[in-house]
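Me: I have a structure open and some questions about it. Can we go through it piece by piece?
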Amino acid sequence: MSEAQSGAVPALEARGICRDYAVGGGLFGGKRTFRALNGIDLAVARGRTLAIVGESGCGKSTLARILTLIDAPSAGKLVIDGEQVDIPGGGVTRELRRKVQMVFQNPYSSLNPRQKIGDALTEPLMLNTAMPAAARRERAMEMLVKVGLGPEHFNRYPHMFSGGQRQRVAIARALMLSPSLVVLDEPVSALDLSVQAQVLNLLADLQDEFGLTYVFISHDLSVVRYIADDVMVMFRGEVVEHGTREAVFADPRHEYTRKLFAATPRADATAIRARLAAKTTVKTQAASSAIVS
């Protein structure tokens, strides 16, 4: 039974979300309004992962900033854990901000290079709780272990970590305040393929352990197919398709979704082996031609 059928309150709900920007009209023209988001509807059940996909400029990151309470929508309604959020009216409480955290694409740019990792982890607790310093340090140590690092990393700086390790730190920091909703904006796109798999497995394990709800923004359909429960496809600021992962991938209904899938290189093991075999054949033929000549 779905959450909607059971009567349970979704972790996240958005209705008719719009976002407008005023843009200049040139030297003699007046300002005009550009609508980046146009009537976005979505609902995410607790403990599930909604993947939002689409090409660059479709409005994914704009929507992410609204869902994480950074920007206010121009119109529409945003509800988190059954509580309607009034961002422009100052209705975002400290408790509400603790419920929603974000993990960004580039972990290095989201970490202060002059701040030790331990300080980066304990800072959210210092600003948002009355937890004493010893307890903050202990929780940070525990969270480092949860994300596959160790207490020995507490006093190191971001430049001393690999990209995958830095993203683990960013995930740990997002979880320090025990959020219920985590928005991940292209969290593995800057990582090598092998490291991507490790981070995706980590996210799945943390979701199971803490009962987290994810909104996962990505342009990589192979990643989406691996991690998502539900998929929402965006095009030019609108939702053109929304359904379960199985339904969307098995039978995409909208023309844009079909084009998006067709334009995405296959990333499965069979396709990779075929490409490697083709390269080997080309190299072998080139070597044989050189010997003959």
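Reply: H6 is mostly covered, with 10 of its 13 residues buried. Buried means under 20% relative accessible area with a 1.4 Å probe and protein chains only; helices are DSSP runs of H or I, at least four residues, numbered from the N terminus. This is a predicted model, where local features need pLDDT of at least 70, side-chain atom pairs count only at pLDDT 80 or more, and totals for chains, interfaces and linings use all residues. Residues are numbered from 1 along each chain as its sequence is written, and side-chain values use heavy atoms, with hydrogens and water left out.

Me: Which residues in H6 are buried?
Reply: Among them are Arg166, Gln167, Arg168 and Val169.

Me: Switching to rings. How many aromatic pairs are there?
Reply: The structure holds 2 (Phe, Tyr or Trp rings, the six-membered one for Trp, with centres within 6.5 Å). Phe249 and Phe261 have ring centres 5.0 Å apart and planes at 20 degrees, so that pair is stacked (under 30 degrees; over 60 is edge-to-face and the rest tilted).

Me: Where do Phe249 and Phe261 lie?
Reply: Phe249 is in helix H9 (residues 245-250) and Phe261 in helix H10 (residues 255-262), so the pair ties together parts 12 residues apart in sequence.

Me: Are those two buried or exposed?
Reply: Both Phe249 and Phe261 are buried.

Notes:
Helix = DSSP H or I, 4+ residues; strand = E, 2+ residues; numbered from the N terminus. Buried < 20%, exposed > 50% of the residue type's maximum accessible area, 1.4 Å probe, protein only.
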